[in-house]
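Please consult the sequence and the structure while reading.

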Amino acid sequence: MEIKRVFNFSAGPSTMPVEVLEAAAKEMTDFEGSGMGVMEMSHRSKVYLGIYSATEAKFREVFNIPDNYKVIFMQGGATLQFSAIPLNLMTKNGKADYVLTGSFSTNAQKEAVKYGQINVAFSGKDEGFTRIPAQDELKLDPEADYVHYCDNNTIFGTKFNYIPETGNVPLICDMSSCILSEEVDISKFGMIYAGAQKNMGPAGMAVIIIREDLLQDPQEKTPVLLNYKVLAEKESMYNTPNTWGIYVLGHMMDWVKKEGGIAAMNKKAKERAGLLYDAIDNSNGYYVNPNDKDSRSIMNVVFRLPNEELEAKFAKESVEAGMTNLKGHRSVGGIRASMYNALPLEAVEHLVDFMKKFQENNPQ
Ligand code: PMP
């Protein structure tokens, strides 16, 4: 029986490869002859520990993680990291730099001020977060315990096209909405983290990649479940981890490998984004992307129509045309197409066709 799939442009949780969903479905009631599904397994059982270490190994291989970095799987999404980061890492001088390029980096900064002295190294707020700063616009404090930034801004559709240079100050990056979409030199970072629900599988987990020398004692009142040192020592199993999320991540990594690895993911992402940006740029101003061209995201593409009525109509009719989740984030309006690794090119072709017809049918 052929399954019917909608073209799902959700910003996360988001579309996943059918193969991964089917592989998980097939093993749902009996994982490799164990007589039980993964959701039913003790996280301390031999069979599950096998799943855990295989997932970690595949993730390390796919993302090319150096040996002196630990991988931790944590619950609480990326947002809990906004608290965990200052608690664990703002421990030397009690200061940190935050680069504000959108909603999530701002949320991270709002959380961090509870735990130390925060310097806003750059804020794009007054410009409506429409661009990424150049390196020389970052007002960095050499005494900061770390610099935090968000590589890809999911809501505003912007992306750093360089890795900020921070000298000896550890660089911490929220890669929630772009992880595994391009090759990254991890050695440039003190820590990278990401919520899983975009390019890594189901929601309910964040993945942390942290350089070993940063695993120090955290601030005194840090909850044990936020203590990176403890979690790294206990292989993410101080308590019951998100066993299902870790397992599905393993299948996701098999899929990425089979498709040609991150280089192939990046090529496809550029193809999808190129197609959509071309459609926007060639619409004679009917569709407008508000961002600087060299700050454009290839995962989340935002655009406006001539007015809000047309945007509402566009969102509504796109659903009738077999697409979903194209409505922009409630805080900014407009239209947003999130196009993570698992989104087929066909979905974007369908969207671009729809955009042309919509413009013809609703002239300005
Ligand atoms: N950072 C970025 C870049 C995000 O896109 C999101 C969620 N969309 C978050 C952080 C927050 O993630 P979570 O919902 O997993 O806490």
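The model is a predicted one.

**Backbone geometry**

- Most residues other than glycine have a negative phi, and most peptide bonds are trans.
- The peptide bond that joins G12 and P13 is cis, with omega at about -5 degrees.
- S236, a residue other than glycine, has a positive phi near 60 degrees.
- This serine, S236, belongs to the loop between helix 5 (228–233) and helix 6, and S236 counts as buried at 3% relative accessibility.
- N325 also has a positive phi, near 65 degrees, and is a residue other than glycine.
- The loop between strand 12 (323–324) and strand 13 (335–338) contains N325, which counts as partly exposed at 40% relative accessibility.

**Negative surface patch**

- A patch of negative charge on the surface is formed by E271, E346, E349 and D353.
- Helix 9 (residues 345–361) supplies the largest share of this negative patch, 3 residues.
- E349 lies in helix 9 and is partly exposed, with a relative accessible area of 39%.

**T243 in helix 6**

- T243 is located in helix 6 (residues 243–258).
- T243 has 12% relative accessibility and therefore counts as buried, the cut-off being under 20%.
- Leaving aside residues up to four places away in sequence, T243 touches V38, H43 and Y48.

How values were computed. Residues numbered from 1 in each chain as written. Predicted model: local features only at pLDDT ≥ 70, side-chain atom pairs only at ≥ 80, totals over all residues. Heavy atoms only, no water. Patch = residues over 30% accessible without salt bridge, like charges linked within 9 Å, V, L, I, M, F, W, Y side chains within 5 Å. Areas by Shrake-Rupley, 256 points an atom, 1.4 Å probe, with all protein chains shown as cover. Salt bridge = Lys/Arg side-chain N within 4 Å of Asp/Glu carboxyl O. Lys, Arg positive; Asp, Glu negative; His and termini not counted. Charge placed at Lys NZ, Arg CZ, Asp CG, Glu CD. Helix = DSSP H or I, 4+ residues; strand = E, 2+ residues; numbered from the N terminus. Buried < 20%, exposed > 50% of the residue type's maximum accessible area, 1.4 Å probe, protein only. Contact = heavy atoms within 4.5 Å.
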